[in-house]
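Take a moment with the sequence and the fold. The text below walks from the overall layout to a pocket and a helix pair.

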Amino acid sequence: MTTSDAQERARANRRETSGPRREELLAAAAACFDDLGYTATTVELIAARAQTSRPTFYAYLRSKDEAFLAVTEQVCAQLESTQQLDGIESLPPVTVLRSTTRAFAEAIFANGSLVAQIDSRAGVDPDVDALWSTLRRRLERRFTNYLSGLDPATIDPCVPPQQLVSMLSDSIVRGAARLGHAPDEDREQFINDHIRLTERAVGVVADSRPEP
């Protein structure tokens, strides 16, 4: 085994264990991507923000691309977790729509510009696209199944659920992503507007809507 082979094996072993140093590097990478964008971010800048060295970076991650992919995985996990509502079957549709819409938008806001960058990188990076597209399809399928399973007396969708969910998904992802660094009042306005849009599009029965 050559020295370079030994180094690569050691690096691979460290990558397999999600230890605190790797998490620090990924947090630094996320901050750099958010502040500077993908193009301006470098391995040197990530290492500096993590208060470590380039060799340490390369001990845990192969490249800036791998760091971005790992950050994408983390963001996707955060977004998916917002749609897992306990006892969803027993909740009124309006409660589910409002809770999940707010939680999803707030998770996008919490990641600053990262969701916008992921959406953009998905167009040029097949690995990012695979993660992002899988997440989008899974969330849309879950929402479609939820709407399709509701009592027809409680909702009146303006178009078939699958088409409706796709349009609402695009609207909230791209709309909220543009507000990653916007003032709180603009973000809150977006959430309230999107909730009203969703209720109208889904056709929540008027007398089942509680006061906001």
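Predicted model: local features only at pLDDT ≥ 70, side-chain atom pairs only at ≥ 80, totals over all residues.

One definition comes first. Ala, Val, Leu, Ile, Met, Phe, Trp, Tyr, Cys and Pro count as nonpolar; Asp, Glu, Lys and Arg count as charged; the others, Gly among them, count as polar.

The chain has 212 residues, and buried residues make up 44% of them. Its secondary structure comes to 10 helices and 0 strands. Read from the N terminus, the order of elements is α-α-α-α-α-α-α-α-α-α. Now look at how the chain contacts itself. Take contacts between residues at least 6 apart in sequence: 69% of these join residues at least 24 apart.

The largest pocket has a volume of about 430 Å³. It is lined by 20 residues. Closest to the centre of this pocket are Gln-83, Thr-100, Leu-139, Phe-143 and Val-165. Which elements give two or more residues to the lining? They are helix H6 (93-110), helix H8 (126-148), helix H9 (161-177) and helix H10 (184-202). H8 gives the most, with 6 residues. Sorted by class, the lining of the largest pocket holds 11 nonpolar, 6 polar and 3 charged residues.

Pick out Thr-100 from the residues closest to the pocket centre. Thr-100 sits in helix H6. Is Thr-100 buried or exposed? The cut-off for buried is under 20% relative accessible area. Thr-100 has a relative accessible area of 12%, so it is buried. What does Thr-100 touch, leaving aside its neighbours within four places in sequence? Thr-100 is in contact with Thr-82, Gln-83 and Leu-85. Gln-83 is also among the residues closest to the centre of the largest pocket.

Stay with H6 and turn to its packing against H9. Two packed helices are described by the angle between their axes and the distance between the axes. For H6 and H9, the angle is about 35° and the axes are 9 Å apart. Their crossing is right-handed. On the H6 side, the contact is made by Thr-101, Phe-104, Ala-105, Ile-108 and Phe-109. On the H9 side, Ile-172, Val-173, Ala-176 and Ala-177 make the contact. By class, the residues of this contact divide into 8 nonpolar, 1 polar and no charged. Both H6 and H9 also give two or more residues to the lining of the largest pocket.

Methods:
Residues numbered from 1 in each chain as written. Heavy atoms only, no water. 1 Å grid on protein atoms, 1.4 Å probe; cavity = no way out; pocket = protein on both sides within 12 Å on 5 of 7 lines; lining within 4 Å. Points joined across faces, edges and corners; volume = space filled by probe spheres on them. Helix = DSSP H or I, 4+ residues; strand = E, 2+ residues; numbered from the N terminus. Axes fitted to C-alpha atoms, helices over the stretch in contact; angles between N-to-C directions. Left-handed = near helix turned anticlockwise from the far one by under 90°. Contact = heavy atoms within 4.5 Å. Buried < 20%, exposed > 50% of the residue type's maximum accessible area, 1.4 Å probe, protein only.
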